Amino acid sequence: MVSLSEPSSTNFRRDKPKKHRKINEINYRSNSESDYTERIQELEQHFNYDDNKDYYWTHPEQSLLYGTPLYEQASTTQKKALNHLYWAIQNNNTAASEVNTIIYNQVTSGVFENVGGYDTLCQELQLETSQEYHHIHAFQRIGHKTRTALLGKKGFGSVTKLRPQELKTERSPTATLQDKTLDFLSKNILKKQKYVSSNKFLQELLQKGELFPTPTQGSGGRFASPSLLKFFTINWGSSPFLACHYYALRYISNALLKSQEHPRSLYFKSLERQGEFIPAPTAVSHYHFLDESFHTTTSQIISQNMYQDFSKPTAYEKFIANWTVYLAQRNVINYHGGISCGLPARCFRDDEYFMSVIYRILQSHIFGMSSQDALHWMEKCFCQEHEGFHIAKKYHKGFVKDFRSFFGRLEYLWPINREMRLIEASGSMSQGLATSTQAFRQFAQSIA
């Protein structure tokens, strides 16, 4: 039986009810007893692209360039290829973001272990970390086989393969000094509030002279510069309140992933009910969605309930919390340029990011276009209003509603963050079209 004794930390609020602990126990038990990760492993091991190439892996709406003039003219075989490549691109990004989860589960768990009384939660975070390794491996392996089959060995270019030892960057005396400086700054500010600043995970890295882990890809890579991200890492790894607040940021990734995988899960169930063939990638997405539902519950428990176990945040902690949510709005779920059409069902990415990918696909054996024809069709897709922009608008509205509901419950946030004002303002179709047009013209000039 896991001990639920209250921690002896001086900043623990003993007057608060701990109903969330029971929810966490149920969440951990359900997650540990499920076999979804094992099913994902089995599907990955037996995946063969030729066995799955003749089927859509999800709804056609989740396809590269869906709704564009090019998509309307494409053959069924080409549309399926665009559907498969969309799956590969999205899940490569998901794998990169799950590296962030592996890192920050350990950072924040170090805080909760030091506070005491959160054994079950720490076990859940450890279980999530183990699951993420398997998820990443499956996404990368299936994605690599798909890209190779459709685009050749080069695919979209090199894809980073994650191994446990690669979570730590190379040693650098200058960078290590910077880490220690940020560590000193954070500790001395937080120490005045009598908060726990000892984190076994981070302290072991410092003692070994190793750098604090800093994500460079996925949502973490877009969130902030490496130096600034290290500063936030120290804060998330020092203050119980800020460790809890990190999971409000993690919820953003949970929600973005849900927007992709819930439709795929429904597609899986539809095929299952009708007794039709279920492509392996469709099944992987379905079981991953079920696995990640436990992770989403963890984010909600910690960020919306557990933070109230501790003393009310100081002015400094409120500032850090609001600063990070503001950056997340600006850099993770709002790309400055309005609605995008490159991946219609994933509107929070700049079309500039996809130009070279689309150009390569159009020149591959899938479409077999010349450079001139490829640019002609890209101009139609990126410089004219079409259905793809309207689909992106639909997803954008859903995100705004979801995030407002979630962050509106966090009373310590500024109105600009509680109301998600930045992402609401980014939902302009005209601005998105202007940004995409400019990105295309710059790309066309770069290859002229």
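Analyst: Here is a short walk through the structure, from the whole chain down to single residues.

Analyst: One thing to keep in mind is that this is a predicted model.

User: Thanks! How many helices and strands are there in the protein?

Analyst: The protein has 19 helices and zero strands.

User: And what share of the residues is buried?

Analyst: Of the 448 residues, 58% are buried. If you take contacts between residues at least 6 apart in sequence, 81% of them link residues at least 24 apart.

User: Which residues touch the most other members of the largest nonpolar core?

Analyst: Those are F112, F223, F403 and F407, in a core of 110 residues.

User: Let's pick F407. What is F407 in contact with?

Analyst: Setting aside neighbours within four places in sequence, F407 contacts A248, I252, V325, L413, N417, R418 and M420.

User: Switching topic: how do α15 and α19 pack?

Analyst: Helix α15 covers residues 371–382 and helix α19 covers residues 429–446; they pack at an angle of about 165°, and their axes are 9 Å apart. Angles over 145 degrees count as roughly antiparallel, so α15 is roughly antiparallel to α19.

User: Is that crossing left-handed or right-handed?

Analyst: The crossing of α15 and α19 is right-handed.

User: Which residues meet there?

Analyst: From α15 you have L375, M378, E379 and F382, and they meet L433, S436, T437, F440, F443 and A444 of α19. By class, this contact between α15 and α19 has seven nonpolar, two polar and one charged residues.

User: Nice. Now W323: where is W323, and is W323 buried, exposed or partly exposed?

Analyst: W323 sits in helix α13, residues 315–331. Its relative accessible area is 27%, so W323 counts as partly exposed.

User: Last one, N100. Where is N100, and is N100 buried or exposed?

Analyst: N100 belongs to helix α5, residues 76–115. With a relative accessible area of 5%, N100 is buried, because buried means under 20%.

User: Which residues does N100 touch?

Analyst: Leaving out residues up to four places away in sequence, N100 touches P215, Q217, G218, S219, G220 and Y246.

Key. Residues are numbered from 1 along each chain as its sequence is written. This is a predicted model: local features need pLDDT of at least 70, side-chain atom pairs count only at pLDDT 80 or more; totals for chains, interfaces and linings use all residues. Side-chain values use heavy atoms; hydrogens and water are left out. Axes are lines fitted to C-alpha atoms, for helices over the stretch in contact, and angles run from 0 to 180 degrees between N-to-C directions. Helices (H or I, at least four residues) and strands (E, at least two) are DSSP runs, numbered from the N terminus. Angles under 35 degrees count as roughly parallel, over 145 as roughly antiparallel, 65 to 115 as roughly perpendicular and the rest as oblique. A crossing is left-handed if the near helix is turned anticlockwise from the far one by less than a right angle, and right-handed if clockwise. Contact means heavy atoms within 4.5 Å. Ala, Val, Leu, Ile, Met, Phe, Trp, Tyr, Cys and Pro count as nonpolar, Asp, Glu, Lys and Arg as charged, and the others, Gly among them, as polar. A nonpolar core is a set of buried Ala, Val, Leu, Ile, Met, Phe, Trp, Tyr and Cys residues joined through side-chain atoms within 4.5 Å. Buried means under 20% relative accessible area, exposed over 50%, partly exposed in between (1.4 Å probe, protein chains only).
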